[in-house]
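Welcome! Please take a moment with the sequence and the 3D view below, and then let us walk through them together.

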Amino acid sequence: MAIPIVVSLVMPLTAMVPPAGAAVPRANGDWPTWQGDRLGSRYNPAEHTITPANVGGLKLKWAFAYPKEAGTPRSQPAVSGGTVYFGGPDGKMYARDARTGGARWTFDLTTVGTGGTQVQDGPAVSGGRVYFGDIRGYLYAVDRRTGRLDWVTRLDATPGAVVTSSPIVFDGRVYVGVSSGENVAGKDHACCTFRGHLDALDARTGKVAWRYYTVPKPKQDGTWPNGLPRYAPSGGGVWSSPAVDPETHTVYVGTGQNYTGSGGHFDSVLALDTRTGRARWTRKMTDVDTWRAECGSQDPADQKYCPNLPDGTALDFDLGAAPNLFTVGGRRLVGIGQKVGVYHVLDARTGKAVWRRQLSTPMPNGGLSGIQWGSSYDGHRLYVATYMADPGTLFALDPATGHVLWQAPSPADGCTTGGAAKYPDICQRGFTPAVTTTPGLVWEGGMDGKMRAYSADTGRVLWSYDTMRDVQGVNGLPGRGGALSGGGGAVVSHGLLYTQTGYAFTPYPNDRGSALMVFGR
């Protein structure tokens, strides 16, 4: 299907584009943010302990188990200064010794506001603080040494507002997006009043410096069939983590679909001035896309609550994946995956398309077959994974042209071996997490519960571990893995691999809690 692209040039970007370099160097080997670095590379160039020659010797070193009633984890860890920081589905942020799992501190989010909560984004460690959000729309800053709360800001009080976007810190500010589950609240909800936004906050105080809304303010636009008010436009949530070009002071991020109406920067890439929040350019990837939960129902009574369904525009083709910034031939580019299955590469200065590659076929009324989370760039190749694409596939692409250098489908034996073999009616061959790279290696986990390391040169599997097994957590709780967690990916730092396992979209029976697992040689 053709995907129309619309570009809106708002303000010229005149700063000099840096000549080369894929990533902000991290000579100490830490992994302090979801992206790994400001450019969104998800690549750790300083990791030399685990190599293609010895990766086959990785073994489980320690695990951390969550209470079984807590749900499943999505918070990708951050590693900095010998400590690993990660959020739990039990409403806590944990700091543990990175090598042993020994306790440093625990921060309980339920001491703020009311009601239960979870951490679904990955923390960012910067300037003596750890920054992270929750599913109630709060952003927190705690002391990295003690876990003491420095400040908390509620970014959005609209019902269903969530922070799944992992923050990034640059030039004294924290940049983070806000999205919402209001469009899945059911037909008895007066959908919808939420509008997505990207915020810049003072890193020291939590005060909002600027906010960029993705859609205009919603107004009542008639009623739903049950008589409840209908509001539009709405949606355009920012699910993913931003990337920052420090040379041009530009922050890049993708947006989600509309919930109602058709206005605003939905399914778009935004390029904003980090200092003012003004748009340098925006680029829309899907011409029309308005979706709420009832669009997936086969009941005609439910479909009356699906906006624009007769037009075939209920697509759910978010740009929920995080962008990558990289340089080819002296030209700065921004790449981003979309749930329609396309990886787009744009000129980072103008937003004009450079190339696009269709990597999977869209599923009807939804983008679960496409590119869900993040991709990686190691200075040589782009690595992109598709989700439930029958099967999900890991690709290596030429960053200059998009040419497929190799592709590795989810292994055929993933659902017939290990723990997943017990559940043939549930197991699917798909790639859940964001992709991660280290020199010579690509790291990607599957819906079949296997964590794998691939050769960056050939795509051959060099190591695999079935996480769908019982473990004893260093915190005294029993755990068991499952599908590798979405929303983030593997973290490889100082010779250790960290991965969350037990993702919600594959409901393997579990009488134990899900787990963080840590591997080393």
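The sections below cover the model itself, its nonpolar cores, a sheet, one serine and the disulfides.

## About the model

This is a predicted model, in which local features need pLDDT of at least 70, side-chain atom pairs count only at pLDDT 80 or more, and totals for chains, interfaces and linings use all residues. Residues are numbered from 1 along each chain as its sequence is written, and side-chain values use heavy atoms, with hydrogens and water left out.

## The nonpolar cores

In soluble globular proteins, nonpolar side chains tend to be buried together. A nonpolar core here is a set of buried Ala, Val, Leu, Ile, Met, Phe, Trp, Tyr and Cys residues joined through side-chain atoms within 4.5 Å. Buried means under 20% relative accessible area, exposed means over 50%, and partly exposed lies in between (1.4 Å probe, protein chains only).

The largest nonpolar core has 19 residues, and those touching the most other members are Tyr131, Leu139, Trp151, Leu155, Val174, Val176 and Leu201. At least two residues of this core come from each of strand S9 (138–143) and strand S13 (173–180); S13 gives the most, with 3 residues. Strands (E, at least two residues) and helices (H or I, at least four) are DSSP runs, numbered from the N terminus.

Apart from neighbours within four places in sequence, Leu155 is in contact (heavy atoms within 4.5 Å) with residues including Gly137, Leu139, Val163, Val176 and Arg211. There is also a second, separate core of 18 residues, with Val55, Leu484, Ala490 and Val492 among them.

## An open sheet

Four strands make an open, antiparallel sheet in the order S3-S4-S5-S6. Strand S3 (78–80) and strand S6 (103–108) are at the edges with a single partner strand each, so one side of each has no neighbour in the sheet. From one strand to the next, the twist averages 15 degrees.

Two strands pair if DSSP finds at least two bridges between them. S3 and strand S4 (residues 83–87) have 3 bridges in the antiparallel sense, and Tyr85 in S4 is the bridge partner of Ala78.

## A look at Ser464

Is Ser464 buried or partly exposed? Its relative accessible area is 40%, so Ser464 is partly exposed. Ser464 sits in strand S35 (residues 461–466) and touches Lys450, Met451 and Arg452, not counting residues up to four places away in sequence. Phe317 is 147 residues from Ser464 along the chain, and their C-alpha atoms are separated by 31 Å.

## The disulfides

A disulfide is a covalent bond between the sulfur atoms of two cysteines. Counting pairs of cysteine sulfur atoms within 2.5 Å, the model has 3 disulfides. With bonded cysteines counted along the chain, they follow the pattern 1-2, 3-4, 5-6.

Cys191 and Cys192 are joined with their sulfur atoms 1.8 Å apart. The torsion about their S-S bond is about -85 degrees, so this disulfide is left-handed. Cys191 is buried at 0% relative accessibility, and Cys192 is buried at 0% too. Next, Cys295 is joined to Cys306, S to S 2.1 Å, and a torsion of about 100 degrees means this disulfide is right-handed. Both Cys295 and Cys306 are buried. Finally, Cys415 and Cys427 form a disulfide with sulfur atoms 2.0 Å apart, left-handed with -75 degrees about the S-S bond. Cys415 is buried at 14% relative accessible area, and Cys427 is buried at 10%.

Methods. Axes fitted to C-alpha atoms, helices over the stretch in contact; angles between N-to-C directions.
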